[in-house]
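I opened this one to see how its parts sit together. Here are my notes, in the order I took them.

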Amino acid sequence: LQETYQDKQCHIKSSISREFSWLSTDKHPERVAQELLGIFLEVPGDGYFSLMHPLTRTYCQELPEKMTAALDRWNYLANSLRSNDEVLWDDNTYAECEMIIQQFSSESGLFRRFSGGWARTADNDYVATDEFCAQLMVKRFLYQQLSSQTEIPAFHDMSKHVERVVKDLEGKANSHGVIIWQSVLSDEAFLASARPVLEDMRKYAQHIHTREHALVALVPLLPCLNKKDAAVLVWSLFAYFNNNPSRILRFRGRSFTNETSHFKNFQSENMPCCSDSSDALEPEKRIINSLTEALAWKNQQYSVLWDDGSGALIRLLGMSLPANIIQAMCDFMLDNLYQADCTVDAIDSHKASNALLVIPFMKRFAKERPNDADMVWNCLGLAIQNVIQAVDNSQNVAEISEEDEIVLSDVLYSLLDACIDTKAYEL
């Protein structure tokens, strides 16, 4: 961490000063922590959920009526088919039924993005679906709340374009492999195509490394986050993840979107911090600096500093966590597990696994701060009571499905294991 920070801080510091000059040291620590949190959580504003209507209060109030209308339309189509077995549905009818299904579907993996996650309108335009999926609404809300207000280039496209520029640049080297910069600067066609690509690289690098700098600066200020901001941090890190059984025993904290792993090394792939591009530099010097950085980035040996999407999370949550963050994790777990007034079919395996991701941090807190372990014990005790109440609320326990029984067993096992691990003997 220290080596990475020292290597990049000189350029990051100037970016912070220019872009976030309002972040001054004379502000209250709570305000500084809040602003750093906003910088760290900001994600590019493009992507799947940017095409969908924002989840405003008014929009959410109208959702039940829209859902009812969609279901009524589905029932009408189904009854029409049932009443006449010989009716032949055309492609438009099938497409409409598929779109209704997708509106309520929770399956939104990468494959479905390109196959069934989009629907065509009458004007042959593609629109995003999943509109009524409760499981994805939290993910969608977080994305829309945290997405950047300024245009951040898409990493994949930008990376490919930089590769093209570097390939063209290497083609201009002499027989000894040395680039003659005077020849490069005189090639107006090459410069015209390279400048927008290099500008996108600079924008993305500044966005990524500014977030990384904010992460490092936020670590000592985590205790200063108020209750709401601590909850925002925990929900953003753990509210949604890609459930991969092959990684069941590994750290599974995920970003809340699956289009881009925003917390996997910030998806920078060792992207360099671009040097100063101020107007004080001569244009020739600026373009040479940018081309040199692009050349060095694309020709370095590929490596990922932090694998499995957990790098940023390990650095942020790897040290002892303060009580306010642990309390936010306790609240997050209770909010996403069984409630006192629900039945055992209220949550699925995704939501249960999602909620249980915070338990390792709660365990560590209880061991590191035994005098404050009652915060964790109270949470575990309430969660276990809710499990018992959910079983009692179920009308016929014998009719509980196998899937719900597995989820129930996993949740109860995890809670009891945490009780034993944290020495919650009274529970």
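I started with the rings and got three aromatic pairs, counting rings of Phe, Tyr and Trp (its six-membered ring) as paired if their centres lie within 6.5 Å, with planes under 30 degrees apart called stacked, over 60 edge-to-face and the rest tilted. The W235 and F332 rings are edge-to-face, because their centres are 5.0 Å apart and their planes stand at 90 degrees. That pair joins distant parts of the chain, with W235 in helix α10 (residues 227-238) and F332 in helix α13, 97 residues apart.

A note on what I'm looking at: the model is predicted, so local features need pLDDT of at least 70 and side-chain atom pairs count only at pLDDT 80 or more, while totals for chains, interfaces and linings use all residues. Residues are numbered from 1 along each chain as its sequence is written, and side-chain values use heavy atoms, leaving out hydrogens and water.

I took helices as DSSP runs of H or I, at least four residues, numbered from the N terminus. For accessibility I used a 1.4 Å probe on protein chains only: buried is under 20% relative accessible area, exposed over 50%, partly exposed in between. F332 is buried at 0%, whereas W235, at 23%, counts as partly exposed.

F332 also pairs with F238, this time tilted, at 6.5 Å centre to centre and 45 degrees between the planes. Here too distant parts are linked: F238 is in α10, F332 in α13, 94 residues apart. Both F238 and F332 are buried. Put together, ring pairs tie W235, F238, F332 and F361 into a cluster.

Next, cysteines. How many disulfides are there? I counted zero, taking a disulfide as two cysteine sulfur atoms within 2.5 Å. C330 is in none; its nearest cysteine sulfur, from C379, is 3.9 Å away. C330 is buried, at 1% relative accessibility.

C379 took me to α16 (residues 374-393), where it is among the buried residues, including also M375, V376 and L380. The buried residues of α16 pack against α13 (323-336), α15 (359-368) and α17 (402-421), with contact meaning heavy atoms within 4.5 Å.

Last, α7 (residues 155-170). Which of its residues are buried? I found F155, M158, S159, V162, V165, V166 and L169. They cover an arc of only 125 degrees around the axis, so they lie on the same side of α7; the arc is taken from the directions from the helix axis to the C-beta atoms. On the other side, H156 and K167 are exposed. The buried residues of α7 pack against α8 (181-185), α9 (188-218) and α11 (283-299).

Conventions. Helices (H or I, at least four residues) and strands (E, at least two) are DSSP runs, numbered from the N terminus.
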